[in-house]
Amino acid sequence: MELIYGHPKSLKPIQTKYCPGCGHGVIHRIIAEVIDEMGVQERSIITNPVGCSIWSDLYFDFDSVQPAHGRTPAASTGIKRMLPDHLVICYQGDGDLAAIGTAEIIHAANRGEKFTTIFVNNAIYGMTGGQMAPTTLIGQKATTAPYGRDPGEAGMGYPIQVCELLATLGGTKYLARGSVNNAANIRKTKQYIKKAFEAQLRGEGFTMVEVLSACPTNWGMQPVQAEEWLEGNMIPFYKLGEIKNTLAGSEGGTASSSTNGGAK
Amino acid sequence: MAEEKRLMKGNEAIAEAAIRAGCSAYFGYPITPQNELTAYMAKHMLDKKRVFIQAESEVSAINMVYGAAAAGARTMTSSSSPGISLKQEGISYACGADLPCVVVNVARSGPGLGGISPGQADYFQSTRGGGHGDYFHIVLAPKSVQEAADLTYKAFELADQWRMPVMILADGLIGQMMEGVIFQPAIDPASLPRKPWATGHQADTHREINHISSIHLVPAELEASVRARFKRYDQIKAVESRYEEVNVDKAELIMVGYGTSARVALGAMELARKQGIEVGLFRPITLWPFPDKRLGELAAKGKRFLSVEMSMGQMIEDVKLAVNGKAEVSFYGRCGGMIPTEEEVLAEIRRILKK
């Protein structure tokens, strides 16, 4: 009998420490499914960030490297340059990628480093207990934005749309934004991840999939309510889809403007 | 076949020796006075189809080193004092994750932006574990271009052997000056043995998965891991301490100096001899582990010491710890990029010995 659906080989059969309703577990699973489908479990390496997903090395059943907070893309650069035929996954949260590690992600993307970043955007700091993230929406409350994010008088800045920001860089070849708030979006996100991983192994350039993900604990919501909040508030601002696709054989370009920076 | 003697800058000699030692990935960021090293690596690593990246910052460079080391490569970064401060986070992580790599500090004078002239004020930072946490790493201090090259080979060997970052602490004078140098034969990186703990190539052996990490959230586990590392430090102290002695048996006073200061001290020793004063030089080559055992033996013989440094007095603390109250220890230093002259050091020797 053929097994149609089971636990992915690349994910250990153990319960995660993630909170009820957290998106990391689902995101881990679809990454593991794609790795199984591509048959690259023994050629995969994940760099797990500082943040809730620092635990990911407990769950993925392949090699891992744990760098300093925000330095994940620099470490992934070192790994991928030494092991170009391996699948290197740079797993980052919004604090890791869009705050403390902004320089690292921009320059890794601009160099066209051939690893794939999985950018989990839940608009809040999870592990440290609900502080404002670079992607926290205007008006959204956090322990460090107790009256809501206020870009005006309080000078808290604006939520950063990372895919759109990176789309201007010549080194980026595939930037997509998915969400794990419902089954349809999970399936689409998995397709984006597969496309990015395949492009990575073809050596095309920098690839990233941003994934909108709920954090019921720090949003102060029940899991179901959190998914509704994500759909009603995050998706309208963080538009889903392929933000930039200049992979070989694709006809797409970029939703915003794109420059290649160099003479052809 | 014997290698020809070549006239080279210290910075370039370190770079060439690193390439010959099998360094397969170099990551750097421009900073004076070590720029020739990065430029040499750019040309020669790219020529050899090895990895060279000019990183966006020193912080990124050391973390690229962290990644390349995690993938099993011989890897290196270089910088100068302010840049080395930025790398300390990464060095702490590499020590915590037991990753071998080589970090070169062609030191200048501080604090802050300070100046670009040679300095030895990074001694504390280099030898005390300059980042957060309980750790040490090997520190090698060359006094010449030849020794800079020789210690670069040694640094890669020691890093792999003891699974830790090894720092070469030179200064702007060692980096910028030209001297004759003979290189050892080149090692092909592909001929180096695979590291069984590193990530990658799992498909070749179907081994268990490997994790490279410095995290231990259970205090008892972290304590055990730190204690295990300190046991390794004890082994390193027992076998890796290196030093050079000149005229210590006859000497009424032994100068202690490393790198550029040791060169000045040697000159002062010659001047003193012409005036009938016998002084000696004890030159630590490993600043960590500090050669304290031998210094303690000399103290027990009734010698007195003069620590000569390009700082306000940092290594002198290790000298005092080594002699443990058994001998008098004096200090002479210049700072801010000033290099002590042989005459100044001689005057201090005469003042101490009342001659």
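Two strands count as paired if DSSP finds at least two bridges between them. Keep that in mind for β12 (residues 253-256) and β15 (residues 304-309) of chain B, which pair in the parallel sense over 4 bridges. What you're looking at is a predicted model.

**Where chain A meets chain B**

- At the meeting place, 27 residues of chain A are in contact with 31 residues of chain B.
- Which element supplies the largest share of the side of chain A that touches chain B? That's α3(A), with 8 residues.
- Sort that side of chain A by class and you get 12 nonpolar, 7 polar and 8 charged residues.
- Strands get involved too: β2(A) is joined by 2 bridges to strand β10 (residues 211-212) of chain B, and the two run parallel.
- If you want to find that spot, look for A:V65, which stands opposite B:I212 in β10(B).

**Helix α3 of chain A and its partners**

- Helix α3 of chain A (residues 72-82) packs with helix α3 of chain B (residues 58-70), their axes 6 Å apart and at an angle of about 40°.
- The two helices are called oblique because their angle makes them so, and their crossing is right-handed.
- On the chain A helix, the residues that meet α3(B) include A:A74, A:I79 and A:M82. Among those they meet on α3(B) are B:M64, B:V65 and B:Y66.
- By class, the contact of α3(A) with α3(B) has 9 nonpolar, 6 polar and 1 charged residues.
- Inside chain A, α3(A) also meets helix α5 (residues 102-110): their axes come within 7 Å and cross at roughly 35°.
- That contact uses A:P73, A:A74, A:S76 and A:T77 from α3(A), along with A:E104, A:I105 and A:A108 from α5(A).
- Its class count is 4 nonpolar, 2 polar and 1 charged residues.

**Strands in chain A**

- Strand β1 of chain A (residues 44-47) has A:S44 and A:I46 pointing one way and A:I45 and A:T47 pointing the other. Are these residues buried or exposed? All of them are buried.
- β1(A) runs parallel to strand β3 (residues 87-93) of chain A, with 4 bridges joining them. Here A:I45 has A:V88 as its bridge partner.
- β1(A) also pairs with β2(A), again in the parallel sense, over 3 bridges. In this pairing, A:T47 stands opposite A:V65.

**The five-stranded sheet in chain B**

- Chain B has an open sheet of 5 strands in the order β11-β13-β12-β15-β16, with mixed pairing.
- Why is one side of β11 (243-246) and of β16 (329-333) left without a neighbour in the sheet? Both strands stand at the edges and each has a single partner strand, so one side has no neighbour there.
- From one strand to the next, the twist averages 20°.
- Within the sheet, β12(B) and β15(B) are the parallel pair from the opening, and B:I254 has B:F305 as its bridge partner.
- Helix α10 of chain B (residues 259-274) packs on the sheet and touches β11, β12, β13 (279-284) and β15. The direction of α10 makes about 170° with that of β13(B).

- A cis peptide bond links B:G110 to B:P111, with omega about 5°. You'll find B:P111 in the loop between β5 (101-109) and β6 (115-118).
- There's another cis bond from B:W288 to B:P289, where omega is near 0°. B:P289 is in the loop between β14 (286-288) and α11 (292-300).
- B:D98 isn't a glycine, yet its phi is positive, near 55°. B:D98 belongs to the loop between α4 (81-96) and β5, and counts as partly exposed because 19 other C-beta atoms lie within 10 Å.
- B:H201 also has a positive phi, near 60°, and is in the loop between β9 (178-181) and α8 (202-205). With 19 C-beta neighbours inside 10 Å, B:H201 is partly exposed.

Note on methods: Residues are numbered from 1 along each chain as its sequence is written. Chains are lettered from A and ligands numbered from 1 in the order in which they are written. This is a predicted model: local features need pLDDT of at least 70, side-chain atom pairs count only at pLDDT 80 or more; totals for chains, interfaces and linings use all residues. A residue is buried if 20 or more other C-beta atoms lie within 10 Å of its own, exposed if 12 or fewer, and partly exposed in between; C-beta atoms are placed from the backbone. Axes are lines fitted to C-alpha atoms, for helices over the stretch in contact, and angles run from 0 to 180 degrees between N-to-C directions. Angles under 35 degrees count as roughly parallel, over 145 as roughly antiparallel, 65 to 115 as roughly perpendicular and the rest as oblique. A crossing is left-handed if the near helix is turned anticlockwise from the far one by less than a right angle, and right-handed if clockwise. Two residues are in contact if their C-beta atoms, placed from the backbone, lie within 7 Å. Ala, Val, Leu, Ile, Met, Phe, Trp, Tyr, Cys and Pro count as nonpolar, Asp, Glu, Lys and Arg as charged, and the others, Gly among them, as polar.
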